Amino acid sequence: MFYVLAVLIVVAALGAVLAPSTRQVLMAVMAGDILVGILLIAAGAYVLGVIALVAPAGCLLLVAVLLRRSGYEALLSDIPAWGSSWPVAAVVAGGIGVLLLWTTATRINDSAGGGGQSLVTVLHYGTPISLGVAAVLAVVAVAGGLMIGRTGDDERLLDRAAEQRRLREERTRMRRQHRAAARAQRDGRGGAAQ
Amino acid sequence: MNVGPAHYAALSAILFAIGLFGVASRRSTMAALASLSVLFSAPVVAAVGFAESGHGSLPRLGDALALFTLSALCAELVVGGAVAALLWRRSDTADLDEMTEVDG
């Protein structure tokens, strides 16, 4: 079970990183989140597995929906090319991955870790302050995200004016091109008649 | 073959490397955020794997740690999306290579 899930998670992660379209990237990330949630449930962390199934994919979907509805569709558009420094990124990421693998393979003590108490018990009795901090962090993040990304009435007016100006310029450019094409056609016909 | 902490650690390392590569190499803001999400899932897998591989003598603190990591991931996604929207308004592009206003 672990090996099947691990392979699927790695494939989903590769899809999230290598997919050319933003839509495919978001789908791969959601698939990866769901697979990680299933892995956590298989590992015995039931509550956490359910949270992992819902929370990250939900946040990503929420961001995508808010961006689409608030006039930020261009952010979700496809930018297919890679950054110019992708070979350096590949070398650094591969190096850190190998370092992590080597460290864990040589230093892991199989008796480390723990089991027994449920997550709710641990959160309630063992780490109540951390739980409070995490809850506050989540609330502040949502409020901060909405505040940072909000658009005021004046910004909407400016956006509309900029869009209208762009359309006007586009129409003028098209008219000029048509006029030039018609003139070239007329001249060509006149030259042939002579 | 038994699945031990080393297996979870290996999977976590692979996920971390893939996510790091995506964050450093993708040009689209949303794709970089998605890669960051992959990167963040690495410590979650490691923490839960270590907690699961124990012998029941200690509370599952690894699960609690993974939960806090997940809340940080959600916060990062929401705030990151908002910052991406703000940068797009300023620079009129979603291409990270063209967002020169935030260069140091």
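**Exercise 1. How many salt bridges does the count come to over all chains?**

The model is predicted: local features need pLDDT of at least 70, side-chain atom pairs count only at pLDDT 80 or more, and totals for chains, interfaces and linings use all residues. Residues are numbered from 1 along each chain as its sequence is written, chains are lettered from A and ligands numbered from 1 in the order in which they are written, and side-chain values use heavy atoms, with hydrogens and water left out.

Step 1. Take the rule: a side-chain nitrogen of Lys or Arg lies within 4 Å of a carboxyl oxygen of Asp or Glu.
Step 2. Apply the rule over all chains: the count is one salt bridge.
Step 3. Name the partners. E170(A) and R173(A) meet at 2.9 Å, N to O.
Step 4. Helices (H or I, at least four residues) and strands (E, at least two) are DSSP runs, numbered from the N terminus.
Step 5. Check accessibility. Buried means under 20% relative accessible area, exposed over 50%, and partly exposed in between (1.4 Å probe, protein chains only). E170(A) has 33% and is partly exposed. R173(A), at 38%, is partly exposed.

**Exercise 2. Describe each chain by its elements and its burial.**

Step 1. Chain A has seven helices and zero strands. Of its 194 residues, 28% count as buried.
Step 2. Chain B has three helices and zero strands. Of its 104 residues, 62% count as buried.
Step 3. Turn to contacts (heavy atoms within 4.5 Å). In chain B, among contacts between residues at least 6 apart in sequence, 57% join residues at least 24 apart.

**Exercise 3. At what angle do the axes of α1 and α2 of chain B cross?**

Step 1. Find the helices: α1 spans residues 5–25 and α2 spans residues 29–52 of chain B.
Step 2. Classify the angle. Under 35 degrees is roughly parallel, over 145 roughly antiparallel, 65 to 115 roughly perpendicular, and the rest oblique. The two helices are therefore roughly antiparallel to each other.
Step 3. Sort the residues of this contact: 17 are nonpolar, six polar and one charged. Here Ala, Val, Leu, Ile, Met, Phe, Trp, Tyr, Cys and Pro count as nonpolar, Asp, Glu, Lys and Arg as charged, and the others, Gly among them, as polar.

**Exercise 4. Which residues have the most contacts inside the largest nonpolar core?**

Step 1. Define the core: buried Ala, Val, Leu, Ile, Met, Phe, Trp, Tyr and Cys residues joined through side-chain atoms within 4.5 Å.
Step 2. The largest has 49 residues, and L39(A), L48(A), L11(B) and L15(B) have the most contacts inside it.
Step 3. Follow one of them. Beyond four places in sequence, L11(B) touches F2(A), A6(A), I9(A), V10(A), L39(A) and V45(B).
Step 4. Look elsewhere. Another core, of five residues, lies apart and includes L67(A), M30(B), L33(B) and A85(B).

**Exercise 5. Is S37(B) buried or exposed?**

Step 1. Locate S37(B): helix α2 of chain B.
Step 2. At 1% relative accessibility, S37(B) is buried.
Step 3. List its contacts beyond four places in sequence: V29(A), D33(A), L73(B) and L77(B).

Conventions:
Axes are lines fitted to C-alpha atoms, for helices over the stretch in contact, and angles run from 0 to 180 degrees between N-to-C directions.
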